[in-house]
Structures are given as C-alpha cells and as structure tokens.
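Good morning, and thank you for making time for this.

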Amino acid sequence: MTAKAPLASPARLAAALTHLAETIDARALEGDAASSWTAKLLAKGPDAAASKVAEEGGELAEAVRRESDERVASEAADVLYHVFVALRSRGVALDAVAAALEKRQGTSGISEKAARPPKD
Ligand SMILES: N=c1c2ncn([C@@H]3O[C@H](COP(=O)(O)OP(=O)(O)OP(=O)(O)O)[C@@H](O)[C@H]3O)c2ncn1[C@@H]1O[C@H](COP(=O)(O)O)[C@@H](O)[C@H]1O
C-alpha cells in the first residue's frame with residue numbers, strides 16, 4: 001500500500017473494535033485471570049496497563065519506521081487492544097473517547113494548535 005492509498009474499510013475496523021470492546025468488558029466483569037489474558041492484565045491495575053500502552057506504542061513506532069506493512073498492522077492491533085484495556089482499567093468510558101473525537105471533527109489540527117493559550 002502506498003501513502004496515497006485510501007484508508008479503506010473503516011466499517012470493518014469499527015465492527016472489529018466493537019467486538020474487541022465487548023469482549024474486554026465481558027472479561028472485566030467475569031473473566032478469570034487463569035484463562036484470560038485480559039482479566040490477568042486488568043487485575044494488575046492501571047499502572048501495568050499504562051506500561052503496556054507505552055511498550056506497545058514504542059513497538060508500533062519501530063514497525064512504522066522500518067518493518068513490513070503486515071508488522072505495522074499487527075503492532076497497531078496490539079496498541080488498540082492495550083488502549084482499550086487501559087481505558088477499562090481506569091474506568092474511562094468509550095463514550096468519553098468518542099465524545100473527544102466528535103468534538104474535534106471539522107477542526108483542523110493547525111487551527112486548534114494556533115488557538116491554544118501560549119505556554120509559560
Ligand atoms: N487482542 C488481544 C491481544 N493482543 C495481545 N494479546 C496477548 O497479550 C499477551 C502478551 O503479548 P505481548 O506481545 O505483550 O507479549 P510479552 O511482551 O511477552 O508480554 P509481557 O509478559 O512482557 O507483558 C499475549 O499472550 C498475547 O496473546 C491479546 N490478548 C487478547 N486479545 C483480544 O482479547 C480477547 C480476549 O482474550 P482473553 O482475555 O485472553 O480471553 C481475544 O479474543 C482477543 O480478541
């Protein structure tokens with residue numbers, strides 16, 4: 001895929017993310033750490049979830065820099081999974097993330113940055 005290719009199949013990704021979020025929710029409610037990786041991660045708490053987000057984010061960055069498209073997709077999937085686990089671990093609702101994304105719709109990142117108050 002080239003940098004100019006469209007980001008196809010957003011509905012397919014949305015469906016996969018919905019399935020993933022529902023699975024993580026189910027594991028949080030009745031998962032067993034002996035048989036569920038998600039339940040095991042959640043039992044460790046937000047600090048451990050944060051470490052996994054940082055670790056997987058670094059691996060994705062490395063893949064984007066110098067690995068195959070397949071590796072980039074796989075590392076991106078790892079990041080998405082661990083972001084969802086971290087949100088569940090903190091008790092931050094997916095609705096809050098959706099609201100943050102919706103609020104930004106139609107606002108260019110360049111104009112948003114220009115409107116920020118100056119840093120001290
Ligand atoms: N998407 C994932 C997913 N991605 C990664 N992992 C697991 O995360 C584990 C750790 O992966 P790492 O690459 O971080 O390996 P590691 O660096 O050796 O791990 P550390 O011990 O260092 O933390 C592996 O066992 C992976 O299988 C996942 N485990 C679960 N899911 C999803 O969650 C669902 C429920 O899984 P369970 O909770 O295990 O039933 C699954 O059906 C999947 O859809």
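Which residues make up the largest nonpolar core? Before I answer, please keep in mind that this is a predicted model, in which local features need pLDDT of at least 70 and side-chain atom pairs count only at pLDDT 80 or more, while totals for chains, interfaces and linings use all residues. Residues are numbered from 1 along each chain as its sequence is written.

The largest nonpolar core has eight residues, namely Ile 24, Leu 41, Leu 42, Ala 49, Tyr 81, Phe 84, Val 85 and Ala 86. Helices here are DSSP runs of H or I, at least four residues, numbered from the N terminus.

Turning to H2, its buried residues are Thr 38, Leu 41 and Leu 42. They lie on the same side of H2, because they cover an arc of only 100 degrees around the axis, the arc being that of the directions from the helix axis to the C-beta atoms. These buried residues pack against H1, helix H3 (46-66) and H4, with contact taken as C-beta atoms, placed from the backbone, within 7 Å. After H2 comes Gly 45, whose phi is positive, near 90 degrees.

Notes. A nonpolar core is a set of buried Ala, Val, Leu, Ile, Met, Phe, Trp, Tyr and Cys residues joined through C-beta atoms within 7 Å. A residue is buried if 20 or more other C-beta atoms lie within 10 Å of its own, exposed if 12 or fewer, and partly exposed in between; C-beta atoms are placed from the backbone. Helices (H or I, at least four residues) and strands (E, at least two) are DSSP runs, numbered from the N terminus. Two residues are in contact if their C-beta atoms, placed from the backbone, lie within 7 Å.
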